[in-house]
Amino acid sequence: MPTPTKELLTTKEAAVYLNLHPSTLEKWRVKGVGPLACRLGTKAIRYRRSDLDAFAFEDTDVQREAGHVR
């Protein structure tokens, strides 16, 4: 699947971008961990590509649990 090129990504697109399952991002969002998410209106959740990039390059416990940092 091609990597999305737009700045605001849906949960599914953000999961593809980070090589995660969408439910992982949803669980992290509920726990208040993981990449920063934006709410548009009452239900639409979006992730900024810049926030995903920043998260991907951090060394956090969340990433270690997901197997992204060793």
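This is a predicted model: local features need pLDDT of at least 70, side-chain atom pairs count only at pLDDT 80 or more; totals for chains, interfaces and linings use all residues.

User: What does the secondary structure come to?

Analyst: The chain has 4 helices and 3 strands. Going along the sequence, the pattern is β-α-α-β-β-α-α.

User: And in what order do the strands sit in the sheet?

Analyst: The order is β1-β3-β2, in an open sheet with antiparallel pairing. The edges are taken by β1 (8-9) and β2 (38-40), each with a single partner strand, so one side of each has no neighbour in the sheet.

User: How many bridges are there between β1 and β3?

Analyst: There are 2 bridges, and the two strands are antiparallel. L8 has R48 as its bridge partner in β3, and L9 stands opposite Y47.

User: How many join β2 to β3?

Analyst: That pair has 3 bridges, again antiparallel. C38 in that pairing stands opposite R46 in β3.

User: Which residue in the β2 and β3 hairpin takes a positive phi?

Analyst: That's G41, with phi near 75°; the hairpin has 3 residues between the strands.

User: OK, helices now. Which residues are buried in α1?

Analyst: T11, A14, A15 and L18 are buried there. They span an arc of only 100° around the axis, which puts them on the same side of α1.

User: Why would residues three or four places apart point the same way?

Analyst: An α-helix has 3.6 residues a turn, so residues with that spacing point the same way.

User: What covers the buried residues of α1?

Analyst: The cover includes β1, α2, β3 and α3.

User: Let's zoom in on T11. Buried or exposed, and what does it touch?

Analyst: T11 lies in helix α1, and its relative accessibility is 12%, so T11 counts as buried. Leaving out residues up to four places away in sequence, T11 touches P22, L25, E26, R29, I45 and Y47.

User: Switching to α3. Which of its residues are buried?

Analyst: In α3 (residues 49-56), the buried ones are R49, D51, L52 and F55. Looking down the axis of α3, they fall within an arc of 160°, so they line one face of the helix.

User: How do the axes of α1 and α3 cross?

Analyst: The axes come within 11 Å and cross at roughly 35°. The crossing is right-handed.

User: Which residues meet there?

Analyst: From α1 (residues 11-18), A14, Y17 and L18 take part, and they meet R49, L52, D53, F55 and A56 in α3. By type, the residues of that contact divide into 6 nonpolar, no polar and 2 charged.

User: You mentioned D53. Where is it, and how accessible?

Analyst: D53 is in helix α3. Its relative accessibility is 27%, so D53 counts as partly exposed.

User: How far is D53 from P35?

Analyst: In space, D53 and P35 are 8.8 Å apart, C-alpha to C-alpha, and in sequence they are 18 residues apart.

User: What about N19: where is it, and what is its phi?

Analyst: N19 sits in the loop between α1 and α2 (22-31), just after α1. Its phi is near 60°, a positive value in a residue other than glycine.

User: Is N19 buried or exposed?

Analyst: Exposed: N19 has a relative accessible area of 67%, and the cut-off for exposed is over 50%.

User: Last bit, the whole chain. How much of it counts as buried?

Analyst: Of its 70 residues, 29% count as buried.

User: And what share of the contacts comes from residues 24 or more positions apart?

Analyst: Those account for 44% of the contacts in the chain with a separation of 6 or more.

User: Great, that covers my list. Thanks!

Key
Residues are numbered from 1 along each chain as its sequence is written. Side-chain values use heavy atoms; hydrogens and water are left out. Two strands pair if DSSP finds at least two bridges between them. Buried means under 20% relative accessible area, exposed over 50%, partly exposed in between (1.4 Å probe, protein chains only). The arc is that of the directions from the helix axis to the C-beta atoms. Axes are lines fitted to C-alpha atoms, for helices over the stretch in contact, and angles run from 0 to 180 degrees between N-to-C directions. A crossing is left-handed if the near helix is turned anticlockwise from the far one by less than a right angle, and right-handed if clockwise. Contact means heavy atoms within 4.5 Å. Ala, Val, Leu, Ile, Met, Phe, Trp, Tyr, Cys and Pro count as nonpolar, Asp, Glu, Lys and Arg as charged, and the others, Gly among them, as polar.
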